[in-house]
Each structure stands twice: as C-alpha cells, then as structure tokens.
Amino acid sequence: MSKELDNAFVDVRNAFRLLYRYQSRILDIVGYIREHTLFSNMWGRRLFCATIGHKYDSPDKDYANLRVWRDMWAWDFMYNYIFEYYFGQVKIQHKDVDMSVIQVSDDGFYKSMYSKPSQTDISTFLPSEDSNSYLVFTAGWNAWMRDEQENDYDAFLHKFLSGTNDSCIYIDDKGYWTITKRYPMQLFSSQKEADKVLADFGKIVKDNTGIELFKK
C-alpha cells in the first residue's frame, strides 16, 4: 500500500509539472495570436466553474485573503480547464469588433454520453481517449457567441462544444455578426501550423463580413 501511494504522488507531481509546461505553451500561443491582430490587451475569464474570490475578514488582508472552504469544488483551483482570453474591442472599418480565444483543455464533460453529466463527477465525462482539446476562436460585431436559436453565452458555448460542427457563423438581418470556430490544439504544434489557423479564421471572417481581423 505504501509503495502504491508513493507511486500515486509521483504521478501527482508529474501531472503538475506537465500542466506547467502545457500552460506555458498555451500562453505563448495565445500571445502569438493576439500579436497578429489589432488588439493590444487581454483579460481572462473562467468558464467551467467559480473563480476563487477574496475573503476580507482575514487577520491580514495582504497575507491570506482567498475564500476557501471544505466543500468547494476542486475545479476552482484549476483555472485552465476551460478559460477565455478576451482581447477586448477595437474599431475595424468603423465597427467595434470583439475577439476572444477560449482554451478548452478537455471537452469530456460536454461530450458526455450521460443525459445529465455532473461537473463534480468525472466518471460521467467522456473518457479522455475519446475527448478533445481545442482553442476556440470567436469574434463579433454587436453580437457575441450565439446562433439563430441560442443567444445566451453559456448555453451557446455548451451547445457548441457538445455538437459536431466545428464552426458557427451568425449574421442577423441588421448585419450584426459573430463567428466561432474551434481548432484542435495539435494544429498549434509550430509557428507555421499556427499561421495556417490564423489564415483560415481570418479568411472565414473576411469572406462573411469584409473585416480584416489579422494584420497583413
């Protein structure tokens, strides 16, 4: 039993070191994407569960000031399971355009075969071998992360990640639009491959809206 526990914690330590390398790579990729756009800033947003907030009654507010409790979700400590990098809004061809890249490290919850999978019961997730990891590109003008049936952000994202279509193009009768497409993370294995992704998403946006999203 002791040897089995020793091996289990070796796996834990290896997992954390792997996640460090993985997240470092994701930050490089997202930074590279943003640098090829007209956007000059970036903000983050958690999507899968709660952000750890501040607890202001600490004896030392500058020392231990995060809100933690016994029954909180373990996922709350894992920001990068599903995470949005929001680039903000810039004016392109007289239109205020928004853009984000969403890190989907695992779509197993969304692709679950269970009718009501539980976020806190990973046995209800689709097996890792059958799941995928994506970067989801989305951009929009006066519309954001929606389709013809669903205009709620979270509901649309759940629908998109659980579906089989890799892209969604929404343009309403006023010309307002939002375009979303997911790309397997394997496509970002090199700068050359990443450039192909940028060219692909840029072409989709340009062909449907006339907007040049990326720098020439």
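**View 1. Arg45 sits over the face of Tyr153, 4.7 Å from the ring centre.** Arg46 does likewise over the face of Tyr79, at 4.1 Å from the ring centre. A charge counts as over a ring if NZ of Lys or CZ of Arg is within 6 Å of the ring centre and within 35 degrees of the ring normal. This is a predicted model, in which local features need pLDDT of at least 70 and side-chain atom pairs count only at pLDDT 80 or more, while totals for chains, interfaces and linings use all residues. Residues are numbered from 1 along each chain as its sequence is written, and side-chain values use heavy atoms, with hydrogens and water left out.

**View 2. The whole chain has three helices and six strands.** Helices (H or I, at least four residues) and strands (E, at least two) are DSSP runs, numbered from the N terminus. Along the sequence they follow the pattern α-β-β-β-β-α-β-β-α. The C-alpha trace spans about 65 × 45 × 35 Å along its principal axes. Of the 216 residues in the chain, 40% are buried. Buried means under 20% relative accessible area, exposed over 50%, and partly exposed in between (1.4 Å probe, protein chains only). Contact means heavy atoms within 4.5 Å. Among contacts with a separation of 6 or more, 64% join residues 24 or more positions apart.

**View 3. Six strands make an open, antiparallel sheet.** Strands of a sheet pair through backbone hydrogen bonds, either parallel or antiparallel. Here the order is S1-S2-S3-S4-S6-S5. Which strands stand at the edges? They are strand S1 (43-46) and strand S5 (167-171). Each has a single partner strand, so one side of each is left without a neighbour in the sheet. From one strand to the next, the twist averages 20 degrees. Two strands pair if DSSP finds at least two bridges between them. S3 and S4 pair in the antiparallel sense over eight bridges. Look for Ser100: its bridge partner in S4 is Thr138.

**View 4. Helix H1 (residues 2-35) lies across S2, S3 and S4.** The helix runs at about 10 degrees to S2. Axes are lines fitted to C-alpha atoms, for helices over the stretch in contact, and angles run from 0 to 180 degrees between N-to-C directions. Helix H3 (residues 191-209) also packs on the sheet. H3 touches S3, S4, S5 and strand S6 (177-184). Its direction makes about 160 degrees with that of S6.

**View 5. Phe83 and Tyr85 form an edge-to-face ring pair.** How many aromatic pairs does the structure hold? There are 18. Rings of Phe, Tyr and Trp (its six-membered ring) pair if their centres lie within 6.5 Å; planes under 30 degrees apart count as stacked, over 60 as edge-to-face and the rest as tilted. The centres of Phe83 and Tyr85 are 5.0 Å apart, with planes at 65 degrees, so the pair is edge-to-face. Phe83 is buried at 15% relative accessibility. Tyr85 is buried too, at 5%. Elsewhere, ring pairs link Phe48, Trp75, Tyr81, Phe109, Tyr110 and Phe125 into a cluster.

**View 6. Gln93 and Met145 have positive phi values.** Most residues other than glycine have a negative phi. Gln93 has a phi near 50 degrees. Its loop runs between strand S2 (82-92) and strand S3 (95-104). For Met145, phi is near 45 degrees. Met145 belongs to the loop between strand S4 (134-141) and helix H2 (153-162). Is each residue buried or partly exposed? Gln93 is partly exposed, at 42% relative accessibility. Met145 is buried, at 0%.

**View 7. Lys111 and Pro117 lie in the loop between S3 and S4.** Lys111 is buried, with 18% relative accessibility. Leaving out residues up to four places away in sequence, Lys111 touches Leu126, Asn132, Leu161, Ser162, Gly163 and Arg182. Pro117 is partly exposed, at 21%. Beyond its neighbours within four places, Pro117 is in contact with Phe109, Ser112 and Thr124.

**View 8. Cys49 and Cys168 are buried cysteines.** Cys49 has a relative accessible area of 15%. For Cys168 the value is 12%. A disulfide is a covalent bond between the sulfur atoms of two cysteines. Here the term is used for a pair of cysteine sulfur atoms within 2.5 Å. By this rule, the count is zero disulfides.
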